[in-house]
Structures are given as structure tokens and as C-alpha cells.
Amino acid sequence: MSSPLVQKAETATPAAPDPVAAFLRFLILGGGVGVLSGLVVPLLATLLPWAVGNALVTAASTLLCTELHARFTFGTGRRAGWREHWQSADSATVAYLATTAAVYVLHLIQGAPGVLTEQIVYLSASGLAGLGRFAVLRLYVFAARRGHEATVRPLVRQRQGAGPVATAA
């Protein structure tokens with residue numbers, strides 16, 4: 001006979017990953033997508049205004065990164081929901097404004113900067129914005145869901161007739 005005080009595995013929520021490990025995964029996944037984005041933006045800029053190309057790449061990379069961060073970086077063990085995508089889009093909007101402003105200022109200072117200079121400025125601004133995004137995603141976007149599931153899931157099991165589920169203190 002099993003004890004009703006033992007929490008079943010299916011009701012446990014994933015533990016928050018170690019902050020250092022999460023940051024390293026964030027750097028690898030987000031940084032990798034960021035470097036690829038940095039290569040795509042100048043290519044699009046040959047066809048579209050730079051800010052439009054940056055907006056398109058930011059939107060696509062935000063969708064991809066939100067999924068990657070939900071599954072791997074922040075240890076939710078599931079796909080990102082609409083709430084995470086919208087909140088991630090908020091922080092990505094700030095990152096977009098930072099990268100666009102940085103390249104705009106570069107063009108004010110130098111009339112025709114080279115592609116390498118533009119890339120250095122873009123990736124530097126993107127890296128700084130990424131640090132802020134890591135904090136927002138870790139402390140707000142993905143942390144709220146983990147706490148929410150820890151309180152809701154036992155209640156859902158009670159309603160399904162499984163009886164009360166004790167949680168570890």
C-alpha cells in the first residue's frame with residue numbers, strides 16, 4: 001500500500017535549473033540564433049530597409065528562441081505557451097529597439113560603415129540586450145509558470161478523483 005503523503009512523479013513540476021547552467025544554455029542557444037540572425041539581417045538589408053529586415057529576423061528568432069528556452073534553457077520540459085511567447089516578444093521588442101538604435105547611431109557617426117563594423121555594433125547591442133532578456137525570461141516569463149503549475153496541478157488531480165496529493169515541504 002502506498003502512502004498518500006508521497007508525491008507521485010507525474011504531479012512533480014520540473015525544478016528550476018541551476019542559474020549558471022541555465023545561463024550557459026541561454027548563451028549557446030540564444031547566442032547561436034543571434035549569430036545566425038546577425039548574418040541574415042545584412043542579406044535582407046540588400047532587399048529591404050535595414051530596420052524592416054531586423055524586425056523580420058527578430059520576430060522569427062524570438063519564436064525559435066522562446067521554444068528553445070522553454071524546452072532546454074529554463075527546464076519547463078514542455079513547449080512554450082502563448083503567454084510565454086507574448087511575454088518573450090515584449091523583451092524582444094526592447095532588444096529590437098536597442099539593436100536598431102545602435103546601428104542607427106553608427107550610421108549617424110559614420111556615413112557608410114563597413115559590413116564588419118555594422119556586424120560588431122549589431123552583435124554587441126544584441127549581446128547586451130540578451131543579458132537583459134535572460135534576466136526577464138528567467139525571473140518573470142518562465143519562473144511564473146513553474147510556480148503556477150506547482151499550485152494548480154494537485155488541485156486538478158483532486159478534481160479528477162485521485163484524492164488529495166501531498167506536496168513536499
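Which residue does the side chain of Arg79 meet in a salt bridge? In this predicted model, the partner is Glu67, with a distance of 3.4 Å from N to O. Arg79 sits in the loop between α2 and α3 (82-109), whereas Glu67 belongs to helix α2, so the pair ties together parts that are 12 residues apart in sequence. The two partners can also be compared by their surroundings. Arg79 has a relative accessibility of 54% and counts as exposed, because the cut-off for that class is over 50%. Glu67, by contrast, has a relative accessible area of 14% and is buried, because this value is under 20%.

Glu67 also takes part in a salt bridge with the side chain of Arg71, at 3.6 Å from N to O. Here both residues lie in helix α2 (residues 50-73), and their spacing of 4 residues is about one turn of the helix. Arg71 counts as partly exposed, with 40% relative accessibility. Taken together, Glu67, Arg71 and Arg79 are linked in a network of salt bridges.

Notes
Residues are numbered from 1 along each chain as its sequence is written. This is a predicted model: local features need pLDDT of at least 70, side-chain atom pairs count only at pLDDT 80 or more; totals for chains, interfaces and linings use all residues. Side-chain values use heavy atoms; hydrogens and water are left out. A salt bridge is a side-chain nitrogen of Lys or Arg within 4 Å of a carboxyl oxygen of Asp or Glu. Helices (H or I, at least four residues) and strands (E, at least two) are DSSP runs, numbered from the N terminus. Buried means under 20% relative accessible area, exposed over 50%, partly exposed in between (1.4 Å probe, protein chains only).
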